[in-house]
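Please read the points below beside the sequence and the 3D view.

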Amino acid sequence: MVSVLEVPADKLIERLKEELKKFEKIKPPLWAKMVKSGAHKERPPEQEDFWYIRAASILRRIYIDGPVGVSRLRTYYGGRKRRGRRPARAYKAGGAIIRKILQQLEESNLVTKEKKGRVLTPFGRKFLDKIAGEIIGRK
């Protein structure tokens, strides 16, 4: 059986993005096109399917890191903010996008909430393993 860990991340996220578009509960809200993804960014995302790419990436992170909360995901997706003459420093990503994606993944029965954070459901794990197997099979 093929695991998500054996597949290159870029190929997995690209394929997973296309599959997530088929879920009717995973849709970007109206405000998603106007909002920056964090305080360290200067502009909102320019990709048309940013929401699905981020959702696919979050699913992969939950698969790899186990129980994960919004705070840890904010740290992961954060980055360096350039502050002019002052030294750059690290900022966390915005929590609204991550939180809303996690809620949509819960409604789609891919993720469930536990005491220590979100984890994949058996359906979610099977879904990711199936896609990973398809990618390895195509090589």
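1. W51 is the place to begin: at 3% relative accessibility this residue counts as buried, where buried means under 20% relative accessible area, exposed over 50% and partly exposed in between, with a 1.4 Å probe and protein chains only. The model is a predicted one, in which local features need pLDDT of at least 70 and side-chain atom pairs count only at pLDDT 80 or more, while totals for chains, interfaces and linings use all residues. Residues are numbered from 1 along each chain as its sequence is written, and side-chain values use heavy atoms, with hydrogens and water left out.

2. Searching the whole structure gives four aromatic pairs; rings of Phe, Tyr and Trp (its six-membered ring) pair if their centres lie within 6.5 Å, and planes under 30 degrees apart count as stacked, over 60 as edge-to-face and the rest as tilted. One of these pairs joins W31 and W51 in an edge-to-face arrangement, with 6.0 Å centre to centre and 85° between the planes. Because W31 lies in the loop between α1 (9-20) and α2 (50-65) while W51 belongs to helix α2, the pair ties together parts that are 20 residues apart in sequence. Helices (H or I, at least four residues) and strands (E, at least two) are DSSP runs, numbered from the N terminus. W31, at 32% relative accessibility, counts as partly exposed.

3. F123 and F127 form a stacked aromatic pair, 6.4 Å centre to centre and with 20° between the planes. The two residues are four apart in helix α5 (residues 122-138), so about one helical turn separates F123 from F127. F123 is partly exposed at 40% relative accessibility, whereas F127 is buried at 8%. Ring pairs also bring in F23, linking F23, F123 and F127 into a cluster.

4. Which charged ends sit over the ring of Y91? That of K81 is 5.3 Å from the ring centre, and that of R89 is 4.5 Å from the ring centre; a charge sits over a ring if NZ of Lys or CZ of Arg is within 6 Å of the ring centre and within 35 degrees of the ring normal.

5. Strand β3 (residues 111-114) pairs with strand β4 (residues 117-120) in the antiparallel sense over four bridges, and two strands count as paired if DSSP finds at least two bridges between them. A hairpin leads from β3 to β4 through two residues. V111 has L120 in β4 as its bridge partner, and K113 stands opposite R118 in β4.
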